[in-house]
Amino acid sequence: MCTIDRGIIATLYRFLRYEKHNSMTIQEKVGKTIIKLRKERGMSQETFAYESGIDRRYMSDIENGKRNISLDILERVADKLGIKLSEFFLEVENINE
């Protein structure tokens with residue numbers, strides 16, 4: 001392999017690592033969306049979790065993108081936020097990376 005090919009491969013590898021590192025997973029997008037909407041409504045994480053019937057540590061993991069949220073929990077979250085699931089998913093799509 002010539003040095004030009006190695007340079008191209010090295011650049012491509014760095015680019016792909018950068019892209020993977022900087023793109024959010026769906027769990028992270030959902031978590032950031034919950035944080036954004038919860039704060040817009042002036043609720044603390046603890047209060048929001050309690051009123052949604054979700055353990056605070058579990059809610060923390062969801063908001064930090066560490067948990068794969070179930071549809072049941074997602075429905076409770078959207079209900080507590082006062083929005084439809086379809087509206088919630090639109091917010092997820094529009095979350096900034």
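Leaving aside neighbours within four places in sequence, which residues is glutamate 63 in contact with?

1. What you are looking at. This is a predicted model, where local features need pLDDT of at least 70, side-chain atom pairs count only at pLDDT 80 or more, and totals for chains, interfaces and linings use all residues. Residues are numbered from 1 along each chain as its sequence is written, and side-chain values use heavy atoms, with hydrogens and water left out.

2. The overall layout. The protein has six helices and zero strands, and reading along the sequence gives the pattern α-α-α-α-α-α. Helices here are DSSP runs of H or I with at least four residues, strands are runs of E with at least two, and both are numbered from the N terminus.

3. Of the protein's 97 residues, 29% count as buried. Buried means under 20% relative accessible area, exposed means over 50%, and partly exposed is in between, using a 1.4 Å probe and protein chains only. The protein exposes about 7100 Å², and carbon and sulfur atoms supply 51% of that. Accessible areas come from the Shrake-Rupley method with a 1.4 Å probe; for residues, only the protein chains shown count as cover. As for contacts (heavy atoms within 4.5 Å), take those between residues at least 6 apart in sequence: 59% of them join residues at least 24 apart.

4. H3 against H4. Two packed helices are described by the angle between their axes and the distance between the axes. Helix H3 (residues 45-52) and helix H4 (residues 56-63) have axes that come within 9 Å and cross at roughly 115°. The axes are lines fitted to C-alpha atoms, for helices over the stretch in contact, and angles run from 0 to 180 degrees between N-to-C directions. H3 and H4 are therefore roughly perpendicular to each other. On that scale, under 35 degrees is roughly parallel, over 145 roughly antiparallel, 65 to 115 roughly perpendicular, and the rest oblique. H3 brings Gln45, Glu46, Phe48 and Ala49 to the contact, and H4 brings Arg56, Met59, Ser60 and Glu63. By class, that makes three nonpolar, two polar and three charged residues. The nonpolar class is Ala, Val, Leu, Ile, Met, Phe, Trp, Tyr, Cys and Pro, the charged class is Asp, Glu, Lys and Arg, and the others, Gly among them, are polar.

5. Glutamate 63, as promised. This residue sits in helix H4. Glutamate 63 is buried, with a relative accessible area of 5%. Leaving aside neighbours within four places in sequence, glutamate 63 is in contact with Gly31, Lys32, Ile34, Ile35, Arg38 and Gln45.

6. H2 against H6. These two helices pack at an angle of about 110°, with their axes 9 Å apart, and are therefore roughly perpendicular to each other. On the H2 side, Ile26, Lys29, Val30, Thr33, Ile34, Lys36 and Leu37 meet Phe88, Glu91 and Val92 of H6. The residues of this contact divide into six nonpolar, one polar and three charged.

7. Glutamate 28. Helix H2 (residues 26-40) also holds glutamate 28. At 30% relative accessibility, glutamate 28 counts as partly exposed. Its contacts, leaving aside neighbours within four places in sequence, are Ser23 and Gly65. Lysine 66 is 38 residues away from glutamate 28 in sequence, yet 7.5 Å away in space, C-alpha to C-alpha.

8. H5 against H6. The axes of helix H5 (residues 71-81) and helix H6 (residues 85-94) come within 9 Å and cross at roughly 95°, so H5 and H6 are roughly perpendicular to each other. Leu74, Glu75, Ala78 and Leu81 of H5 make the contact with Leu85, Phe88 and Phe89 of H6. Sorted by class, the contact has six nonpolar, no polar and one charged residues.

9. Leucine 85. This one lies in helix H6 and counts as partly exposed, at 33% relative accessibility. Not counting residues up to four places away in sequence, leucine 85 touches Leu74, Glu75 and Ala78. Leucine 85 and leucine 74 are 11 residues apart in sequence and 7.9 Å apart in space, C-alpha to C-alpha.
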